[in-house]
There are 2 protein chains.
Amino acid sequence: MVDREAYFISKLQDSGVTLKLDNDGVLLNDYVYAMDLFCEGVHFLRKYFSYYTIAKKSMLVNISDIFAMGVKPKYAMLGVSFAGDMTLKDINDFQKGIIDICRQYNIKIIGGDTIRDDRLSIAITMFGKAESKIIKRTNFRAGDILFFSGSLGKVKKDMNFLYRGYKINKNSKFYTPKLNSKFIFEILPFVRGGMDISDGLYYELNRISKLNNIRFKFYKKIDKNIALSGEEYEFLFSISSKNIRKLYLIANKNRVKITRLAKILPGRQRFYCLPHHK
Amino acid sequence: MVDREAYFISKLQDSGVTLKLDNDGVLLNDYVYAMDLFCEGVHFLRKYFSYYTIAKKSMLVNISDIFAMGVKPKYAMLGVSFAGDMTLKDINDFQKGIIDICRQYNIKIIGGDTIRDDRLSIAITMFGKAESKIIKRTNFRAGDILFFSGSLGKVKKDMNFLYRGYKINKNSKFYTPKLNSKFIFEILPFVRGGMDISDGLYYELNRISKLNNIRFKFYKKIDKNIALSGEEYEFLFSISSKNIRKLYLIANKNRVKITRLAKILPGRQRFYCLPHHK
């Protein structure tokens with residue numbers, strides 16, 4: 001079966017009406033822009049989330065895209081369709097989540113649209129000024145070393161728990177992605193390729209393999225639970241081997257765990273995996 | 001009952017995390033940004049629209065916001081959730097609508113997000129560079145004369161026809177809003193206040209009355225069908241009386257019908273009407 005979303009995007013690209021859409025966000029006139037949808041039934045179910053947490057996560061997944069390009073998000077446009085059964089208290093919890101994230105990351109809401117529908121969904125466009133260099137998905141080079149931040153696998157585990165009816169820790173990354181922006185900005189001067197892991201490690205590796213004509217020589221076998229866990233929002237990045245020491249110093253200083261995943265080689269590689277959302 | 005959308009927006013505004021959200025779009029660093037949602041079940045029903053027309057209208061309502069501020073839209077971010085039952089042909093018709101509008105108005109798609117859901121909805125963020133002056137809703141002044149472009153009322157009529165099971169003309173503004181951008185840009189040097197009529201004339205008059213502390217002395221009685229017809233996307237604007245001759249010359253040249261609606265007076269006025277979408 002043809003993937004209809006990919007078909008749509010390729011049609012637009014072939015027509016010439018788009019810019020190149022390779023990265024988490026797009027660089028235009030010194031600003032990096034990203035847009036994400038966060039929809040009930042597709043990205044979340046209301047029975048597993050508080051409204052406060054939905055609001056926060058809808059913002060964080062977008063912020064993650066901008067951080068992954070080495071840029072601080074500064075402005076957001078917010079499109080919200082509220083579910084008709086949401087009470088004033090629900091709306092209140094929701095707005096608190098938006099406001100708390102705006103304050104934490106110093107983001108201004110510059111506009112948007114609100115409607116009432118029969119479910120809750122959020123569309124966010126975010127942008128921020130590119131200061132010096134930006135990080136790209138198209139910059140993973142053979143010879144460099146591939147790393148990721150944090151731990152992978154726990155989000156998938158937590159989701160499975162939740163779907164089987166168990167409670168999970170309120171601090172789960174599934175509820176509130178942890179964004180290591182300080183770490184990213186400190187390694188920015190020597191990062192080569194970079195992106196956030198939103199659809200699972202294997203899925204992202206397929207993307208960068210295709211974009212850069214590279215394959216991967218892993219330092220150790222990757223567990224399936226690590227490779228297929230989506231919504232981790234950890235940072236997948238590469239550096240030249242000469243910067244490894246510097247990288248570990250910065251990671252230690254920021255208490256960010258990093259994993260040396262693979263040596264990048266020329267070639268192509270494809271891992272079997274499904275997209276995280278369908 | 002409290003309007004929950006208004007409550008949400010006022011909460012955000014009170015918190016200080018927003019810019020002033022008075023206009024169709026927002027001016028930031030020389031660019032004007034606008035975001036609109038266009039959702040199945042709220043803004044359109046698939047049984048009344050072709051996919052081509054849905055795509056076009058989703059873009060046009062957004063373009064209208066930017067034109068109404070006297071600015072040419074140049075870039076768009078496109079968030080689409082496709083309905084699971086859409087065929088490849090449907091997707092094809094849809095992308096053609098997007099591409100045709102991009103070409104007609106010289107707009108580049110710079111990014112976005114696509115998902116699959118059980119219905120079709122579109123979130124668009126659009127922006128363009130403000131060249132000289134921008135048109136604002138907050139610039140309707142007592143003493144000036146209020147006009148609107150085109151004819152009002154037909155969209156409401158067409159919608160009622162459609163909902164009663166009749167066919168309407170394919171060229172109906174309900175399907176494809178007519179945007180008089182050339183006219184707007186020619187009168188830009190002397191326009192005072194301006195906005196597009198998306199929620200019906202009375203609804204917009206309430207907005208500008210509140211924003212500017214003004215009321216209206218109408219030149220003739222306004223028919224209810226004219227006053228309450230939404231989605232017209234005509235241009236509501238004011239000028240100083242000394243520019244009336246110039247205005248009519250430009251309108252004639254562009255073959256744009258204009259109606260001299262009212263003299264603007266200081267005060268407040270409120271018309272009874274419901275928002276167009278709920």
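This is a predicted model: local features need pLDDT of at least 70, side-chain atom pairs count only at pLDDT 80 or more; totals for chains, interfaces and linings use all residues.
Residues are numbered from 1 along each chain as its sequence is written, and chains are lettered from A in the order in which they are written. Local features need pLDDT of at least 70, side-chain atom pairs count only at pLDDT 80 or more, and totals for chains, interfaces and linings use all residues.

**Exercise 1.** Find how many residues of chain A are in contact with chain B, and which element supplies the largest share.

*Solution.* Start with the count: 51 residues of chain A are in contact with 51 of chain B (contact: C-beta atoms, placed from the backbone, within 7 Å). Next, the elements. Those that each supply at least two residues of chain A's side include helix H1 (4-15) and helix H3 (88-105). Helices (H or I, at least four residues) and strands (E, at least two) are DSSP runs, numbered from the N terminus. The largest share, 10 residues, comes from S4(A).

**Exercise 2.** Work out the strand order of the five-stranded open sheet in chain A, and why one side of S7 and S8 has no neighbour.

*Solution.* The order is S7-S9-S6-S10-S8, with antiparallel pairing (strands pair if DSSP finds at least two bridges between them). Strand S7 (191-197) and strand S8 (214-218) of chain A stand at the edges with a single partner strand each, so one side of each lacks a neighbour in the sheet. Now take S8(A): five bridges join it to S10 (residues 258-266) of chain A. Across this pair, Arg215(A) stands opposite Leu265(A).

**Exercise 3.** Sort by class the residues where H2(B) contacts H3(B).

*Solution.* Among the residues that meet are Met59(B) in H2(B) and Phe94(B) in H3(B). The contact has 11 nonpolar, two polar and five charged residues. Ala, Val, Leu, Ile, Met, Phe, Trp, Tyr, Cys and Pro count as nonpolar, Asp, Glu, Lys and Arg as charged, the others, Gly among them, as polar.

Methods: Two residues are in contact if their C-beta atoms, placed from the backbone, lie within 7 Å.
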